[in-house]
Amino acid sequence: MLGQPMLTHDRVWSAIDALAVRHGMSPSGLAKRAGLDPTTFNRSKRVGGDGRPRWPSTESIAKVLDATGEDLASFFSLGRPAQDAPPVQRPAVPLLGLAQAGAGGFFDEGGFPVGTGWDAIAFPSGEGEMIFALEVSGESMLPAYRDGDVLIVSRTAAVRRDDRVVVRTTDGEVMVKILHRQTLKTVELHSLNPDHPPRSVPTRQIDWMARILWASQ
């Protein structure tokens with residue numbers, strides 16, 4: 001079947017990307033949810049070292065279908081473009097692992113994405129809106145967010161009391177919190193997990209704060 005026009009190399013990989021988007025995940029999040037190595041569906045894995053196309057294994061496809069509850073017919077339809085319409089360009093936003101966000105080189109002085117270490121995820125954004133995606137790793141944010149969940153955050157959206165936010169401090173600490181109160185001198189943050197106490201951070205130690213617009217659940 002892989003030799004049929006409907007299942008070209010590009011269309012199979014497009015179907016995997018579309019399946020991830022349908023379920024609110026990045027390709028690496030989809031791989032994790034299916035019990036695969038997180039890099040299984042990375043773009044670097046789609047072409048071999050000799051430049052020849054590399055196909056995903058039938059086992060990996062079977063596992064993601066089982067993990068998402070999709071069937072083979074719906075998977076094939078995701079990779080098949082409409083016959084009478086030009087291909088649709090999906091809007092994309094930069095994607096970075098939440099654990100990486102504390103490292104240098106990924107954000108400029110204003111807290112906006114820079115550098116080449118970013119991946120991308122399909123997600124619509126308004127004109128002039130600066131949003132990016134952060135992928136949760138590990139279990140430290142349970143029960144609010146699970147490993148592989150993607151947080152869509154905005155650096156331009158107004159932040160108000162009780163908003164869920166991602167905060168990066170000047171020493172590189174990255175936190176997902178609830179904004180409780182903000183003054184000229186301090187930012188008071190409450191934890192998503194009630195077992196963790198609130199934190200008060202001096203404003204001068206806040207590198208940037210971004211509002212969480214959406215999260216895959």
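The protein chain has 4 helices and 9 strands, where helices (H or I, at least four residues) and strands (E, at least two) are DSSP runs numbered from the N terminus. From the N terminus on, the order of these elements is α-α-α-α-β-β-β-β-β-β-β-β-β. This is a predicted model, in which local features need pLDDT of at least 70 and side-chain atom pairs count only at pLDDT 80 or more, while totals for chains, interfaces and linings use all residues. Residues are numbered from 1 along each chain as its sequence is written, and side-chain values use heavy atoms, with hydrogens and water left out.

The mean pLDDT (the predictor's confidence in each residue, from 0 to 100) of the protein chain is 83, and 88% of its residues reach 70 or more. Over residues 1-5 the pLDDT is below 50, and this stretch has 6 contacts in the model beyond near neighbours in sequence, a contact being heavy atoms within 4.5 Å. Residues 82-88 also stay under 50, with 0 contacts beyond four places in sequence. Where pLDDT is low, the predicted coordinates should not be read in detail.

The second largest pocket has a volume of about 320 Å³. On a 1 Å grid over the protein atoms alone, a pocket is an open set of points with protein on both sides within 12 Å along at least five of seven lines, and its lining residues have an atom within 4 Å of a point; the volume is the space filled by probe spheres set on the points, which are joined across faces, edges and corners. Of the 18 lining residues, S28, G97, Q100, D119 and E135 are the closest to the centre of this pocket. Helix α2 (27-33) and strand β1 (92-97) are the elements that give two or more residues to the lining. By class, the lining of the second largest pocket divides into 7 nonpolar, 7 polar and 4 charged residues, with Ala, Val, Leu, Ile, Met, Phe, Trp, Tyr, Cys and Pro counted as nonpolar, Asp, Glu, Lys and Arg as charged, and the others, Gly among them, as polar.

E135 leads on to G148, which is placed in the loop between β3 and β4. The two residues are 13 apart in sequence and 6.0 Å apart in space, C-alpha to C-alpha. G148 counts as buried because its relative accessibility is 1%, where buried means under 20% relative accessible area, exposed over 50% and partly exposed in between (1.4 Å probe, protein chains only). Leaving aside neighbours within four places in sequence, G148 is in contact with M25, G29, K32, E135 and V136.

A cavity is a set of points where a 1.4 Å probe fits but cannot get out, and a search of the whole structure finds 1 of 30 Å³ or more. The largest cavity holds about 50 Å³ of space, and its lining has 3 nonpolar, 1 polar and 4 charged residues.
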